[in-house]
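Look through the sequence and the model below.

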Amino acid sequence: MTYVLALNSSPNGAPRSGTATILKHFVEGMREAGANVDVVNLAELKISPCKGCMACWWKTPGECVQQDDMEQIYPKLRKADVLVLATPLYVDGMNAQLKAAVDRLIPLVEPFFEIREEHCRHPKREPSTGGRLALVSVCGFHELDNFDPLIAHVEAICRNMGREFSGAVLRPYAKVFPFLKMRGVEVDGVYRDVHKAGVELIQDGKISEETMARIGRDLVTREELVDGMNSFFKRSIQAGSVFRATSNFVSWVKGGPIDLTQTHSSTHTTETHPTTPPHPQPPTNDASNQDTT
Ligand SMILES: Cc1cc2nc3c(=O)[nH]c(=O)nc-3n(C[C@H](O)[C@H](O)[C@H](O)COP(=O)(O)O)c2cc1C
């Protein structure tokens, strides 16, 4: 049975996290295809950054001197046929939580240099690496090319680690899916495609180009996203809270423009603004606590 280790680095838990929600559907697909999938939420662990002491090369070969929760990950990683890296896009790359874990993989290689595929590499300490790697990421902006620097980085990591890159599940503005759904946008089709990507990864060894393209498809125009987000942010700043400004966001998803000329209470943010249309409560249990950052 294929063993998959999925490292989820979002500091937000599902269902508020776009990363965790997309990953959940991906994992369900992999499990349906027969994989044994272990999801590790890095935010729940203490993983210090690499100290660069190189003790794992000279003093305790293969072992990091830092004793923290990376110790749970090393054995899982050594046996992982597939490694899934799931991260929100932070400043055009993976977030610090994931980078800390990735940097801590240095004990899995030896210090020596070798030439592989016309490139200097470190030999692997067998059987620590090999197998495949897939990327899952979400971002706030509209365009798929926001992920380009991250893809380039992850492909380089694959070459470095000797893992085969098996594709990426990349979804812009995933965090606002619950609100888009309330507005009548068909977001469940994306979740189904993410599920399919999980099946493909296990059954075919890679995610098809067609499925990756479908996952990243436009659901709203760039202008609609910009208008909606800006209305939400303006009202949240007025209210002094982003996490509790639910009614403001609901007014956007229901299609009504938000009247920004009225001053809103700076402390109480969950009341419906008197000048906005009536706002039904979000149907999902989490939507009242959604933020959009
Ligand atoms: C520190 C930080 C940096 C971010 N940088 C970007 C970025 O460069 N491009 C982008 O499209 N979204 C960016 N975002 C938005 C997040 O990628 C987006 O909100 C994502 O859904 C967050 O993941 P989560 O839903 O799992 O919390 C950033 C968010 C944060 C908090």
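Helices (H or I, at least four residues) and strands (E, at least two) are DSSP runs, numbered from the N terminus. This is a predicted model: local features need pLDDT of at least 70, side-chain atom pairs count only at pLDDT 80 or more, and totals for chains, interfaces and linings use all residues. Residues are numbered from 1 along each chain as its sequence is written.

The protein chain has 10 helices and 7 strands. Of its 293 residues, 38% are buried. A residue is buried if 20 or more other C-beta atoms, placed from the backbone, lie within 10 Å of its own, exposed if 12 or fewer, and partly exposed in between.

Now the ligand. A shell of 19 residues surrounds it, and the closest are Ser10, Thr19, Pro88, Cys139 and Gly140. A residue counts as near if its C-beta atom, placed from the backbone, lies within 6 Å. Both α1 (18-32) and β6 (132-139) supply at least two shell residues. α1 gives the most, with 3 residues.

Next, the backbone angles. Most residues other than glycine have a negative phi. Val91 and Tyr173 have positive values.

| Residue | Phi | Loop between |
|---|---|---|
| Val91 | about 45 degrees | β3 (82-88) and α4 (96-103) |

Tyr173 is buried, with 20 other C-beta atoms within 10 Å.
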